[in-house]
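Thanks for coming. I will go through one model today, starting with a salt bridge and then widening out.

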Amino acid sequence: MVEEKEIFLRSVARTLDLAIVLVSFALAYFLDEFLRQLIALSVKAYSKGPTLHGLVVFTRNNMWMPLIFPVLWVTLLGLSGLYTEFRLKTFGQLASAIIRGSLLAGIAAGSVVFALQAQLTSRFFIAVFTVTTTLLLLMEKRLFLAFLDYIHTRGYNQVNLLIVGTGKRAREFIRTVKSHANWGLRIVGLIDDEHGMYGKEVEGYRVLGRLQDIPFIIHRKVIDRVIFVVPRLWLHRIDEAILACEKEGISTAISLDLYDLQIARTRQTDFGGFPLLEFETFRARQWELFVKRTMDIVLSIFFIILFAPLMAATALAIKLTSKGPVLFKQTRCGLNGRKFTLYKFRTMIVGAEMKRREIEKMNEMDGPVFKIKKDPRVTPVGRILRKTSIDELPQFFNVLKGDMSIVGPRPPLPVEVEMYQVWQRRRLSLKPGITCIWQVSGRNKISFERWMEMDMEYIDNWSLWLDVKILIKTVFVVLFGYGAS
């Protein structure tokens with residue numbers, strides 16, 4: 001959980017620092033020229049002047065510096081402790097590590113210049129470069145921390161926790177979470193199996209029920225992870241609770257410092273000194289999720305710009321041919337039951353939802369889903385939009401907001417989720433998408449149960465390559481309208 005994110009953030013921080021050192025190399029060249037003129041120092045014999053051409057010549061004559069200095073800086077910053085427990089440090093602690101590391105790196109760089117007897121550089125440039133790098137690193141870390149704090153305070157990338165246990169270690173665990181709000185963790189409530197604890201507050205959080213109430217609670221509240229911080233004597237009592245979470249795709253973890261357990265699809269992690277044994281039904285590395293989200297943002301912006309004229313024409317066609325708003329907005333269920341507003345171009349007459357009861361007997365899908373091939377509520381323009389999937393273009397704005405992904409299980413209605421069997425709820429363990437395996441495999445020609453099985457197969461076998469393959473198939477489906485109605 002936290003450890004994996006910490007590893008990912010360390011990698012991002014090192015990559016950013018490598019880039020900063022390279023930028024600093026170019027900036028220091030121009031600052032060196034400016035300062036020499038300002039304080040009337042002698043002109044560099046190795047410089048062609050404060051121009052881009054001069055920078056190119058300087059770099060060519062000192063190619064070893066942009067190759068060695070970034071690695072040297074990041075290595076010594078690491079030895080100074082900058083990347084150790086990166087997210088747990090204050091900016092003051094990070095600044096101290098940056099200054100120590102940069103000072104050591106500057107001395108090491110100067111020593112290399114002296115040892116190589118480099119005639120085409122100077123100690124003054126090394127000093128300017130060191131100061132410039134230090135200042136840029138300080139600015140970059142300040143902005144990086146501010147960005148992480150911003151996305152967590154806005155509720156993005158936030159993990160909702162249900163804590164099982166209220167004993168001494170559980171209270172210590174809760175205090176650890178509270179003292180590190182910048183980790184993006186939010187405690188929704190507590191579980192205690194003792195009589196008389198229901199409704200009471202422990203460390204400022206309410207006890208929501210007993211172990212047997214966990215299935216009900218994860219249906220009624222948005223829970224991303226259930227963490228068991230319980231005594232050894234409780235271990236035989238939590239089997240059913242873990243199984244209930246597993247069936248619905250809710251990640252679980254046990255604070256366990258007894259022994260190493262070798263269980264399939266488990267991970268041992270450490271959370272602020274608390275050893276955890278995690279059981280996950282969906283497994284992806286942080287960098288893979290980062291790439292998936294980056295692809296979502298980049299492709300959404302690209303498609304919104306590409307289809308902007310088409311969307312404008314569609315909006316005009318809807319407005320001219322039927323009364324009502326251009327967009328249809330509907331509440332759907334997202335990741336682990338989060339509610340969000342889905343956007344589509346309106347394809348039905350106004351008041352279509354009110355008329356659903358009159359035609360429910362015409363439903364052609366089994367299960368809780370309602371679909372009719374020739375729905376009388378659909379407008380003439382709406383039929384074209386549905387056949388070509390143009391009605392779903394506004395969902396790229398849902399992807400930009402972070403409610404959806406481009407590829408993932410289709411977002412269900414809350415009323416449909418209420419009718420799910422327990423095993424079907426696991427499809428909520430992944431962010432919903434615009435397209436999915438069901439979407440490219442026939443859609444309305446597939447039974448509801450097979451649809452759910454396809455979503456489980458997608459979750460269990462997820463990879464970035466699988467997303468790419470589904471996107472390619474989606475292009476074919478959209479072009480030929482396969483399975484759409």
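**Salt bridges, cores and confidence**

Arg450 is partly exposed, at a relative accessible area of 32%; buried here means under 20%, exposed over 50%, and partly exposed in between, with a 1.4 Å probe and protein chains only. Its partner in a salt bridge is Glu457, at 3.0 Å from N to O, and Glu457 is also partly exposed, at 35%. A salt bridge is counted when a side-chain nitrogen of Lys or Arg lies within 4 Å of a carboxyl oxygen of Asp or Glu.

Some ground rules. This is a predicted model, in which local features need pLDDT of at least 70 and side-chain atom pairs count only at pLDDT 80 or more, while totals for chains, interfaces and linings use all residues. Residues are numbered from 1 along each chain as its sequence is written, and side-chain values use heavy atoms, with hydrogens and water left out.

How many salt bridges are there in the whole structure? The search finds 17. One of them joins Asp224 to Arg338, with the closest N and O atoms 2.6 Å apart. Those two residues are 114 apart in the chain: Asp224 is in the loop between helix 7 and strand 5, and Arg338 is in the loop between strand 9 and strand 10. Helices (H or I, at least four residues) and strands (E, at least two) are DSSP runs, numbered from the N terminus. Asp224 counts as buried, at 11% relative accessibility, whereas Arg338 is partly exposed, at 26%.

Arg220 pairs with Glu418 at 3.7 Å between the closest N and O atoms. That pair connects helix 7 to helix 14 across 198 residues. Glu418 is exposed, with 53% relative accessible area.

The largest nonpolar core has 41 residues, and Phe345, Tyr458 and Ile470 have the most contacts inside it. Such a core is a set of buried Ala, Val, Leu, Ile, Met, Phe, Trp, Tyr and Cys residues joined through side-chain atoms within 4.5 Å. Helix 15 gives the most to this core, 6 residues. Leaving aside residues up to four places away in sequence, Ile470 touches Val407, Thr435, Cys436, Ile437, Val440 and Tyr458. Cys436 is buried, at 2% relative accessibility.

Finally, confidence. Mean pLDDT (the predictor's confidence in each residue, from 0 to 100) is 84 for the protein chain, and 87% of residues reach 70 or more. Over residues 260-264 pLDDT stays under 50. Where pLDDT is low, the predicted coordinates should not be read in detail.

Key. Contact means heavy atoms within 4.5 Å.
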